[in-house]
Amino acid sequence: MRDRDWAGGVYMAEFGSAAELGRAARAFQEKGYRMIETYSPIPVEGVVYRRSRLPKFVFAIGALGGLASYLIQWYANAYSYPLNIGGRPSHATTAFLIPTFEGTVLSAALAAFFGVFWILRLPQPWHPVFEIPDFDRASVDRYWLAIDARDPRGSRELTVNELREFSPLRVVALDPEPAA
Amino acid sequence: MAALFPRWSNTAARASLLALALLVVGVPLGLMAFVRSSNASARYEPVKQPIPFDHQIHAGRLGINCVYCHATVMRSPTAGIPPTQTCVPCHSTVWINSSELAPVRRSMQTGKPITWNRVDRLPDFVYFDHSVHVNKGVGCESCHGRVDKMSTVYQAKPLTMGWCLSCHRMPAGQLRPVEAVTIMGYTPAVAQARLGPELAAKYHVRSLTSCTTCHR
Amino acid sequence: MTNDGANDLTRRGFLKFVGASLALAGLDGCTRMPAEKILPYVIEPPELTPGVPVHYATSMVLDGYATGLIVKAREGRPIKIEGNPGHPASLGATDAIHQASLLQLYDGDRATSLRSGRQRSSWAQLSAAFTPSSLRSRVGARGAGLYVVLEPTSSPLVISLLNRLRTLYPDMRVYYYAPLAGPNEATVARYDLAPADVILCVDADVLGTMPMHLHHARAFADRRRDPRHGMNRLYAIEPSLTVTGMSADERMRCRPSAVEPILAHLLSTLGGDRASGPAAAPPLPADVPTAWLAALASDLRAHAGRSVVIAGPHQTPVARALAASLNDVLGNAGHTAWHSASPLAEAGASGHSIADLADALRSGGVRALVCGGVNVAYAAPASLGLSSLLTRSPERLYLGMYEDETAERATWFVPQSHYLESWGDARAYDGTLSIVQPLVQPLYDSKSLVELLAMLGGQAAADPRMLLRQSWQEAGLAPTDEAWTSAVRTGFVAGSGFAPVATAPRSPIGPVTTAATSASPDSSTTATAPDRFEVVFAPDYRVHDGRFANIGWLQELPDPITKLTWGNAALVSPATAKLLGVSDGDGLALRHDSASLTIPALIVPGLADGTATIHFGYGRRGHEHAAIAAAGADAYTLWPAVGVPFMSNVSIERDESASRALATTHDHWSMEGRDQARIQTAAAYVASSSTQRPPRAPLPTLFQPEHPNGTSPHQWAMTIDLGTCIGCSACVVACQAENNIPVVGYEDVLKSREMHWLRIDRYATGPEENPAVVTQPMLCQHCEMAPCEYVCPVGATEHSSDGLNEMIYNRCVGTRFCSNNCPYKVRRFNWFDYNAELTEVERLVKNPDVTVRERGVMEKCTFCVQRIREAEIAAADAGTALHGGDVRTACQQACPTNAIVFGSLTEPETTMMQRRAEPRAYTVLEELGTRPRVTYLARIRNANPELDHA
Amino acid sequence: MSATVEPDTGVSAGAGWPLLTGQHDDASLTDHLLSPIWQTRPGWWWLFGLSCAGTLLFIGTITYTIARGIGVWGNNIPVAWAYAIVNFVWWVGIGHAGTFISAFLLLLNQRWRGSVNRIAEAMTIFALVNASLFPLLHLGRAWFFYWLIPYPATMGVWPNFKSSLPWDVAAVSTYFTVSLLFWYLGLVPDLASARDRAATLFRRRVYGLFALGWRGAGYQWARYRAAYTLLAALATPLVISVHSVVSLDFAIAQLPGWHSTIFPPYFVVGAIYSGLAMVIVLLLPMRRVFRLGDVITNAHLDAIAKLMLTMGLMLAYSYVIELFMAWYSGNQFERFTYLVDRPTGPYAVLYWVMTVLNVVTPQLFWVTRFRTSGPILFIASLGILAGMWIERFIIIVTSLNRDFLTSSWHFYAPSWVDWSILAGSVSLFAFLFLLFIRFVPSVAISEVKELSLGLGEGQVDLAPIGSVEAEHA
């Protein structure tokens, strides 16, 4: 379950502190809501997400990168044009290990960096929530809880009421995209 | 108030990222492709000469042996560009008044050499020796191509270091009997796979890939 | 090897034919590929194959004596000079000056145009002005006003031309002058070192500068190949350190004024009687170790008849006479020392010295002065005042190679042809008749001395070759065409040397001058009397008397002893330096009467205290760039008179104004207790080597190298014998010429950026008053486990299958890591584009078989790989097997003592391999595990036991 | 709880001082930390002008060098490496503190890193920009630098991977890339804040572009944290590896003074040492000019000073071991270089200056007052930076100028170009850094906010930055 584009509309409540948001978010999950998301200037332990697959991906790419770096060196120095360099062995494992290490780290780092943006589908300059007036404070001092309108647990008035129970600064309802 | 960016900007952003990635990968690949192309090595481009000397006629139709003009190929690093006097014996009887041969006559009178344009160019730090190659059974054709089919001569082979190495690593593939080095369109009597190694043994041909074989 | 003299015109007309693409082959270090033009010959010279070198025999003449040379030409341009193996003065070897004379041919500063006054003129106008008829009107019917100055000449052709001239101008006067030519005597002293067990050189640089030094060096070295059998012993007594002194087994330093007393003392101890001895032997100066002389005397006595005493040709007549008497007394005369007729024209005749000319000029009798190649305005004692006196003669015709000091004062100036451009002949010191034959037509509008004299004789248009042929015919030197042809082919006439002459009963030796009491640091008087110094005037190993001052190779060649480049200095002993309170480069002012000289000081161990040594040839004031850049001080301004070896009672004081940073390439004399250059006394060596050492095993290594030895049939290696290396530095210039090594100039040498692939390290061991010196040629050691190779990021240096440490300029990116990791520091870097300023003509000297390196790449000794490959290809073309011993490197070929031998490890019978087996063989810094392919033989000092324990 | 904090940190960050001071709510804190990029101060313009001039000098002298040849430097044979390589090693070293602080300390749960890591990372990147210039610049034929990269050339030849120089290329470029990614990843949320706080539409657009549309969704935060920690984990070994590899440029040679097994750890320590000094040198003026005193407190200075002390001691230990091994080896060349040439040779003065600066200076930091006194920290750090530069000079030049054969011994003296290039590279560094503080949030706002939040309400879990109860203990 990941950050949604709210194609089906969304009900959102704006809070003034991370604590309030945290409380609300936990409560809503206990109520059985599943299509929940939070927006906050700092990470808030509210919604629980499934473990990321990013580490496995990074490991795989790193391993491949390392292997490739070693193979390149072997091909260049030991296979393609082996030269007598100071009487040293052409296939110099000990020497090759260093670029291999660097290759591993580099490819792993690239994987992690581009991997996370791929998972988060960034860059994404536009998003429905940006249409909400004053949503820009979400990166400063406002904490939003968002419930998908299509969440089976709730309905328009029910969800909005339940949101109100946590006395947010305001509640906003985004209607479905005409396109969707 | 409305969002900072319009909706389509998402697509735009991703598209431009993709383009960037393609650029990063594409440019080096493009360059590598270019240096291997004939544009980079000036291959296949006929080189204009002061006299429209036609190898197709002389080497091809008339079947004059390469060595008749390139006389020092067997004993000198340079194959030798024929001195003007080489042209005279024949051309004092044929094409005597041809305007195209005017430069030859002028050169004989004034003693000034004819200025030919170089076709096969190696960098000055490459020391290629014709004599040893032909004496070991490497045919003219192997590096110069079917000169007998070129009316205006052009560089027929890449003449890159990699190309030289391909033969220096496995010379047997290019060897022919020394008698046959000047033959154009030579085909071995028996399979090269068998003949090559035999000749290599006969002429003591070794695979030479040490740098100072060519660079001094 | 060489071709006969036929069809010279086609052979030599190279500028007509040769095209830029051929001439400039190999001039481009990097990958630019401009559209090139090819210029073939119009009519191909029959004996010339483009791309294949041709060799011709010729001779170089210095101070009247010829040395036979073989010159290598490519497409008609000379590119390398080697010795002529058959010629007695060469024996196949050369010295630094011979090697460098090639560069003079292409020198961009050479005078190119004939002029009258400041106006450009022509040979025709000149010869018109000097037709006998017109000249007589100016110099008198019998030519009483015609004065001719030439170098001392041994040329039969020149002599015959002079005779012809005399028939036209009976009263003409001829003067022979070269500042450093030997004494003007009818006979010359000859020596044979081969049979001599004991050699005593008294201020005689028999291995370095004396006539026939190449011959002597070979003979000297041949007796030192195996220290265990029949090794000779060389004693040197000298005020300053010379090449001979560095090679001496026992050396005593003495002030120059002490030379005569010492010789007299020796003579009396060895029982010289009244007839041979001097009237009275003066007392020895206090600072001469008599014990040393006693040991020497007994050694000489023990080898009577098998020894030789040599006094330098520049020594006083008395000193030389004493030396001759010593040889008589020891019974050496006729065996190791004798006299033969001087090959020089009018040798011994009086009245043709330069001093006489000065008088003549002063008296105003000179109407026309013809100066044939002698730079009298510079290279003469300033006291004669020639530079100003010259103008006393209304007409001054000067034939010279440069617009130099004399040219400035000439009314007619004729550019002189280089010897590689002119026909001529000369005799060697021993009389051997030698041919001077040109390899190229004159590059410029220049004339040779022969042509000039012929013109004065009324034969302006004469072909010098015909003149030579005629004169030889007339003189019966080459009666038949065969004789002539063979003379031209071999470059000399075998067996034409002069026989010994019975020396006439010598007139009793004149009074021996007592040694002046000099300023030695211990003598308390010195502080108050600074005028007690003595100054030694010495010929320069590089520019000789100054005539070679514009040859960059020589200016940048480190002096064999001081390692000084680009200039000269006053050499003083450490003690003297302390006394004067100076260190290297500090200025000194030398004064004697009116004469004075300011010059920087340079400290050299082993010099006599209280003396300063100054080399001739610097402080030039002409228009030659290199000569000017070298700066230095002009010794002629202090030189009292021609032929005077030293000067006493000179005052020396500090003079800051003369201070100059001295560009020495090797300023650290000590080895700091390391053993890169090993030296051992013969006794110790024989003791240690009586039991053959086990062959050296390679050091243990953690992993087995993949290529312990290469896979090729030949495995190249070199052996260098420090025992016979005299440090003459011919190899350094030979290497420079062969391998297109650039000249970097004074500034960059100061920064330690000289480019020599082969340098000669020079170390002193023992007391600094009189150290034992060892010279060590240091070049790329071609290590099998080369440290330079594995650090190169692009593999620009790696190993060939035949064991060469290859340096690939066109792959080099210039990280310089290889140099950092080279324990021998033999790699060189192109800090700038040192070939950028070369003119078209100057580029012609480049060897087309060697890449000219681009700015920013490393370079180093390649074992002359171009020669190896050429030999391999030649063998392959001929279908024969190559014998490794036949490949000779440039340094090896130039070496007068055969100290350097080259060959293949796979051919055990070669000298190179045999020497490796000697117990004294070692590799430098063996403990680093680099496994050098260059092996050195330790120098063995054949010390006199009596002196050693003392 | 500080007792539990001590062991796993080694330095008791902020034992005496709070990590944050002054009362801020989220908004004012955000604006406060963003303020440097909204309005400049005159001081900035002066410095910027100066650094521009220096950068022009840099460009000029580089052009001159490439046009004329390496000969315009003082280098010679035997001293074929000098200033260029000294500067290279120096800058790479400085570059180490950034990753050390941001990655290493992140994994070690060092809360105090929060308000300084951005600055340290930026410093790392700009130091590496300089560092990567010099190896290229010192090539005799710089235009062929790409021959060190394994690509299929028509020549059929390849780099030699037995040489440590291709290792360098790999190590430095990797380090540079990873640092850059790490830095940018950390920036994204703050760029979003800048986007949302910017006054003009243009600025909003620009920052918006670089913020990539970050909207602080819980899912984003979760994945973002995962990636950030991963990158940190990857960058940490680089802190160790990069300078180890650089040290191999010398250690694989057989030159006395270079050929030494202690080099990798010794170089890494020295690197972090100089890097921390540079952090101090940058931090103190910034703190004053932009009034960041309330987020960059004595706690930070104290922690960094203690780290410098530790590194200084380790470095001193290396010096001693080097000398001991030289003596113990019994090798005459080793002994000469370490025991004779350096202490008494032509560069002896520099050697002793280095020893004082690098070994004596940090001893000041035993004293608490000095650890937190701006002026003393600043001067000491400058001294250490100079000392570390000299150390590299000693290692490179004094080993080369007198090696095995006495015949090749020769003195080295830098030329005016050498000096200009050194000055120029410092200017370029300043130039880039000034632009950074002018246009990029130079303190990690979101992290500081978490911290301040934590200080306010202990119960909110701010993993992995860690619990802050310690502050109240």
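**Close-up views of a predicted assembly**

View 1. Look for D:Ile77, D:Arg141 and D:Leu405, which supply 17% of what chain D buries against chain C, more than any other three residues. In residue terms, 52 residues of chain D are in contact with 58 residues of chain C, contact meaning heavy atoms within 4.5 Å.

A word on the model and its labels: it is predicted, so local features need pLDDT of at least 70 and side-chain atom pairs count only at pLDDT 80 or more, while totals for chains, interfaces and linings use all residues. Residues are numbered from 1 along each chain as its sequence is written, chains are lettered from A and ligands numbered from 1 in the order in which they are written, and side-chain values use heavy atoms, with hydrogens and water left out.

View 2. One salt bridge to find joins C:Lys825 to D:Asp403, where the closest N and O atoms are 2.9 Å apart. There are also 36 residue pairs in polar contact across the interface of chain D and chain C, both residues at pLDDT 80 or more. A polar contact is a pair of N or O atoms within 3.5 Å; within protein, one must be able to donate a hydrogen and the other to accept it, and residues adjacent in sequence count only if both atoms are side-chain atoms. On the side of chain D that touches chain C, α3 (42–68), α7 (164–197) and α12 (332–344) each supply at least two residues; α3(D) gives the most, with four residues. Helices (H or I, at least four residues) and strands (E, at least two) are DSSP runs, numbered from the N terminus.

**View 3. Domain 2 against domain 4 inside chain C.** Domain 2 (187–341) and domain 4 (714–944) of chain C have bounds from an automatic or database domain assignment. Their centres, taken over C-alpha atoms, are 36 Å apart. Here 25 residues of domain 2 of chain C are in contact with 22 residues of domain 4 of chain C, and the two domains bury about 2100 Å² between them, 47% of it on carbon and sulfur atoms. The count between these domains is one salt bridge. C:Arg941 and C:Glu250 form a salt bridge, with 3.5 Å between the closest N and O atoms.

**View 4. Chain A beside chain B.** The contact takes 11 residues from chain A and 15 residues from chain B. Together the two chains bury about 1300 Å², of which 56% is on carbon and sulfur atoms. On the chain A side, A:Tyr81, A:Pro125 and A:Trp126 lose the most area to chain B, together 49% of what that side buries. Between chain A and chain B there are zero salt bridges, but six residue pairs are in polar contact, both residues at pLDDT 80 or more.

Notes. Buried area is the accessible area (1.4 Å probe) that two parts lose on being put together, summed over both. A salt bridge is a side-chain nitrogen of Lys or Arg within 4 Å of a carboxyl oxygen of Asp or Glu.
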